[in-house]
Amino acid sequence: MQKIRENLNFQTYFGIGFVLVLGTLSHFFFDWSGENRLVGIFAAVNESTWEHLKLLFFPALLFWVLEWIFGKKKPNLLWSVFWGLFAGTATIVVLFYTYSGVLGKNLAPIDILTFVVGVLVAFFVKLYAQSGTPTARKRLAGGILLAVLLLCYLLFTAFPPHIGLFLDPVTGTYGFPV
């Protein structure tokens with residue numbers, strides 16, 4: 001926990017703000033682009049839970065890539081980025097389905113709050129995972145797990161599994177609009 005406190009700096013707070021703003025805007029990028037499918041790979045194309053996870057995933061990944069390019073190289077980067085992204089998006093899924101299951105409906109203000117909590121969890125888990133002892137296994141595992149996660153986000157908009165996570169509750173469809 002001490003290591004996390006030491007790493008809480010302007011860059012972390014800026015990153016949280018960056019992801020919150022870019023993630024919020026990316027909710028609209030697909031529509032603003034005239035439903036450009038390339039944009040849709042990285043931005044929400046419908047109102048499914050999966051598409052809303054992209055609001056955290058791609059802005060946070062972009063921030064952490066920029067942090068790696070322009071910042072101090074961190075030894076557990078791939079490991080910590082994977083765990084941050086996994087924990088943040090998992091938090092959104094758990095919170096969304098828990099509260100909407102209890103209430104029997106979803107509410108936009110609570111949806112927004114779950115996004116904010118997911119972003120905070122992503123950053124704090126990344127900091128925690130980053131503070132561990134670096135090993136070659138963590139680098140390899142982090143790289144593989146991050147690549148698999150990224151591949152899922154790149155493919156599942158075009159080829160979504162037909163399960164509830166990917167179902168647009170507004171249109172009753174999956175993936176890109178027809």
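Start with the lining of the largest pocket: its residues divide into 12 nonpolar, eight polar and two charged (Ala, Val, Leu, Ile, Met, Phe, Trp, Tyr, Cys and Pro count as nonpolar, Asp, Glu, Lys and Arg as charged, and the others, Gly among them, as polar). Before you click on, note that this is a predicted model, where local features need pLDDT of at least 70 and side-chain atom pairs pLDDT 80 or more, while totals for chains, interfaces and linings use all residues. Numbering runs from 1 along each chain as its sequence is written, and side-chain values use heavy atoms, without hydrogens and water.

The pocket's volume is about 620 Å³. Now select Glu47, His52, Phe96, Asn106 and Asp111, the closest to the pocket's centre of the 22 lining residues. Next, colour helix 2 (10-32), helix 4, helix 5 (77-103) and helix 6, each of which supplies at least two lining residues. Which helix gives the most to the lining? Helix 6 does, with five residues.

To see the contact (heavy atoms within 4.5 Å), show residues including Phe63 and Trp64 in helix 4, and Phe115 and Phe123 in helix 6.

Last stop: Glu51 and Lys54, joined by a salt bridge (a side-chain nitrogen of Lys or Arg within 4 Å of a carboxyl oxygen of Asp or Glu), with the closest N and O atoms 2.7 Å apart. The two are about one helical turn apart because they sit three residues from each other in helix 4.

Terms used
Helices (H or I, at least four residues) and strands (E, at least two) are DSSP runs, numbered from the N terminus. On a 1 Å grid over the protein atoms alone, a cavity is a set of points where a 1.4 Å probe fits but cannot get out, and a pocket is an open set with protein on both sides within 12 Å along at least five of seven lines; lining residues have an atom within 4 Å of a point. Grid points are joined across faces, edges and corners, and a volume is the space filled by probe spheres set on the points.
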